[in-house]
Amino acid sequence: MRQIDTIHFIDHDSGEKAIATVRATSGQIALCLSIETNGDIEVVMGPNDCKTLLDALSRAVIVAKDSD
């Protein structure tokens with residue numbers, strides 16, 4: 001899989017350092033979420049499922065910004 005991006009951020013729930021890593025290859029996208037002291041989770045999905053996740057995250061950003 002080809003590394004696409006790694007995003008560093010602070011988890012707002014725990015206050016810990018965290019990263020999100022995105023990788024891809026033909027027909028597959030991998031998303032890994034890692035928190036400093038609590039481990040990792042990686043899921044591998046197809047492009048359609050990834051698009052559904054992306055749409056949901058876009059809607060969540062709107063809700064979160066409206067809540068400010």
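Residue numbers start from 1 along each chain as its sequence is written. Since we're looking at a prediction, local features need pLDDT of at least 70 and side-chain atom pairs count only at pLDDT 80 or more, while totals for chains, interfaces and linings use all residues, and side-chain values use heavy atoms, with hydrogens and water left out.

Let's start with the sheet. Four strands sit in the order β1-β2-β3-β4, making an open sheet with antiparallel pairing. Strands here are DSSP runs of E with at least two residues, helices are runs of H or I with at least four, and both are numbered from the N terminus; two strands pair if DSSP finds at least two bridges between them. At the edges you'll find β1 (2-10) and β4 (39-45), each pairing on one side only. From one strand to the next, the twist averages 15°, using axes fitted as lines to C-alpha atoms (for helices, over the stretch in contact) and angles from 0 to 180 degrees between N-to-C directions.

Now zoom in on β2, residues 17-25, which pairs with β3 in the antiparallel sense over eight bridges. Within this part of the sheet, A18 stands opposite I35 in β3. Over in strand β1 there is I4, which counts as partly exposed at 45% relative accessibility; the scale calls a residue buried under 20% relative accessible area, exposed over 50% and partly exposed in between, with a 1.4 Å probe and protein chains only.

Next, the largest pocket, which holds about 380 Å³ of space. Two elements give two or more residues to its lining, namely β3 (28-35) and α1 (47-66). The largest share, seven residues, comes from α1. Among the lining residues are V22, L31, M45, C50 and L57.

A disulfide is a covalent bond between the sulfur atoms of two cysteines, and here the test is a pair of cysteine sulfur atoms within 2.5 Å. By this rule the count is zero. C32 is in no disulfide, as the nearest cysteine sulfur, that of C50, is 14 Å away. That 14 Å between the sulfur of C50 and the closest one, in C32, is too far for a bond. As for burial, C32 is buried, with a relative accessible area of 16%, whereas C50 is partly exposed at 22% relative accessibility.

Notes. On a 1 Å grid over the protein atoms alone, a cavity is a set of points where a 1.4 Å probe fits but cannot get out, and a pocket is an open set with protein on both sides within 12 Å along at least five of seven lines; lining residues have an atom within 4 Å of a point. Grid points are joined across faces, edges and corners, and a volume is the space filled by probe spheres set on the points.
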